[in-house]
Amino acid sequence: MSNNQTNNNSNLSFLERLMLLDRRWVFLVLALVVVSTYYIPMKVPVPASTEVRSIYDAVEGLKEGDKILLAIDYDPNALAELHPMTYAILEQCFRKKVGVIITSLSQNGPGMAEQAILDIVDSTALPRTYNGVSYPGREIINGVDYCFLGYRAYFELVITGMGQNFRTFYSRDYYDVLLDSIPIMKDVQNYDDIEMVIDISGSNVVDAWIKYAAARYDVKLALGLTGVMMTDYYPYLGSGRIFGLMGGLLGAAEYESLADNPGLAMDGMKVQVWAHITIILFILIANIGYFGTRKKRGL
Amino acid sequence: MKRQIPLALVILFGWLMLALYFIPLEGAQKINENLLDWTAIIGIFALALGIWSLISVNVDKIQYKKRDWPYSIVTLFGLFAMIVFGLKFGGADSMFQGQESYMFRHFFDDILIPIFSTMFSLLAFFIASAAYRAFRARSALATILLVGAIIVMIRFFPFIAEYTRPVADWIINVPNLAAKRAIWMGVGLGIVATGLKVILGIERSYLGRD
């Protein structure tokens with residue numbers, strides 16, 4: 001800070017200072033709150049909203065052997081919010097012996113999908129910990145319990161193509177195995193052979209799922225989105241175009257809570273709550289300063 | 001001819017795709033499937049063009065030591081490293097196991113994911129700073145926005161969630177939804193109008209100026 005600025009600041013009243021805090025103070029306080037609250041043992045109650053519960057109920061209502069398509073369409077930047085959703089849904093499906101066909105239509109999506117798959121899948125039935133939760137050993141086999149189709153460019157075309165036949169764009173899966181030789185895919189031709197699509201997305205791929213899969217092929221579609229995207233997609237919920245909606249870390253935490261699978265999202269809620277409180281306090285401080293100096297500023 | 005042929009193709013295929021959307025006959029769907037294949041093939045050329053453009057821009061920056069040129073080295077290194085480690089050839093012992101290779105996986109897990117996550121996390125700090133500076137109750141409308149934002153933010157705070165959540169849900173589901181729906185309807189009509197202008201040959205800006 002220059003000498004002039006320092007002199008000017010020293011002439012400011014307390015209320016004026018409240019309005020003109022250096023943003024580095026805001027950064028520092030928020031960083032301290034985020035780091036310290038992570039270690040505070042505190043549980044935030046997350047009662048499930050109707051839109052999250054409807055996804056959970058739909059998956060819970062599936063029978064053994066049914067199949068769903070889980071579209072993992074997000075990049076690492078949305079990992080904190082969306083990865084827990086993926087884990088919770090995969091876990092619920094595997095518990096219920098529901099087959100999961102996984103696609104990834106965002107460029108870095110395959111990496112995210114494979115990370116989740118490698119964490120959960122276990123053909124050796126050893127106990128393991130992922131998403132902050134420990135699980136006993138069980139067998140989850142590639143091609144039988146799930147199938148990962150991987151990435152194809154031009155998501156609008158791929159989504160439309162899968163409505164005709166999955167093999168239009170995916171003749172082989174991510175691991176280069178012919179689709180016809182994968183047990184879970186044998187009776188699957190198009191969307192008619194799966195019960196629903198759940199798209200976990202942090203990008204505009206979600207629009208294509210709504211426009212082409214839900215609108216054109218009448219696919220039963222639910223969405224898991226980042227917090228900032230949520231409000232944009234509520235209209236589709238109201239119109240019945242989608243049957244469920246999970247938004248941000250909260251949506252993930254609600255799902256974890258419903259699925260009795262308390263992982264990183266539920267744990268992260270306490271940090272989010274305190275960070276929000278901190279931001280609110282800063283807003284209040286600024287407004288106290290603003291109103292306290294109105295007279296001085298001739299307003 | 002440079003403009004007429006592309007224009008004719010766009011009009012022809014635009015109408016054709018529109019018609020095929022509404023024709024459920026098997027033959028029509030087969031044509032639709034073939035056209036989708038064509039689009040993917042044409043798209044691959046765009047990908048090649050993109051890679052070429054990325055390389056030429058960054059090589060140029062390095063060659064003439066333009067501003068921030070060292071970052072171009074990192075960009076090119078990242079591009080080629082991921083291509084090389086993503087290749088698949090040789091037997092099971094080969095280090096080139098495509099996307100399952102150890103190096104490919106670790107570049108993704110240990111470099112890309114932390115970088116992306118860090119960049120996104122920084123948003124929280126900028127949002128906090130922006131909220132501190134911008135959220136002032138300067139007018140009645142600004143005050144409504146401020147109060148609404150605060151209620152939505154505190155809806156999960158223990159002890160008060162019971163009271164704040166119904167109000168927050170109402171804000172999200174009623175006023176917010178009404179505004180969003182109006183915006184989306186406007187956007188939808190705009191998309192239809194633009195699509196029609198393209199396939200009727202009125203909108204030609206995609207052809208460029210030459």
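Q: Why are H3(A) and H11(A) called roughly antiparallel?
A: Angles run from 0 to 180 degrees between N-to-C directions, with axes fitted as lines to C-alpha atoms, for helices over the stretch in contact. Angles under 35 degrees count as roughly parallel, over 145 as roughly antiparallel, 65 to 115 as roughly perpendicular and the rest as oblique. Helix H3 (residues 23-38) and helix H11 (residues 264-292) of chain A pack at about 155°, their axes 9 Å apart. The pair is therefore roughly antiparallel.

Q: What kind of model is this, and how are its parts numbered?
A: The model is predicted, and local features need pLDDT of at least 70, side-chain atom pairs count only at pLDDT 80 or more, and totals for chains, interfaces and linings use all residues. Residues are numbered from 1 along each chain as its sequence is written, while chains are lettered from A and ligands numbered from 1 in the order in which they are written.

Q: What makes a stretch a helix or a strand here?
A: Both are DSSP runs numbered from the N terminus: helices are H or I with at least four residues, strands are E with at least two. Chain A has 11 helices and 8 strands.

Q: Which residues of H3(A) and H11(A) meet?
A: Contact requires C-beta atoms, placed from the backbone, within 7 Å. Among those that meet are A:Val26 and A:Leu30 in H3(A), and A:Trp274 and A:Phe282 in H11(A). Ala, Val, Leu, Ile, Met, Phe, Trp, Tyr, Cys and Pro count as nonpolar, Asp, Glu, Lys and Arg as charged, and the others, Gly among them, as polar. By that rule the residues of the contact of H3(A) with H11(A) divide into 10 nonpolar, 2 polar and 1 charged.

Q: Why does A:Asp176 count as exposed?
A: A residue is buried if 20 or more other C-beta atoms lie within 10 Å of its own, exposed if 12 or fewer, and partly exposed in between. A:Asp176 has 11 C-beta neighbours inside 10 Å, so it counts as exposed. This residue lies in the loop between H7 and strand E6 (196-201) of chain A, and has a positive phi of about 70° although it is not a glycine.

Q: Why does A:Asp218 count as exposed?
A: A:Asp218 has 12 C-beta neighbours inside 10 Å, and therefore counts as exposed. A:Asp218 lies in the loop between H8 and strand E7 (221-225) of chain A.

Q: Which residues of the largest nonpolar core touch the most other members?
A: A nonpolar core is a set of buried Ala, Val, Leu, Ile, Met, Phe, Trp, Tyr and Cys residues joined through C-beta atoms within 7 Å. The largest has 109 residues, of which A:Leu70, A:Ile102, A:Trp209 and A:Met269 touch the most other members. H11(A) gives the most to this core, with 12 residues. The residues that A:Met269 touches include A:Val44, A:Leu249 and B:Phe156.

Q: How many residues of chain B are in contact with chain A?
A: 39 residues of chain B are in contact with 41 residues of chain A. On the chain B side, H4(B) gives the largest share, 14 residues.

How values were computed. Two residues are in contact if their C-beta atoms, placed from the backbone, lie within 7 Å. Lists of a residue's contacts leave out its neighbours within four places in sequence.
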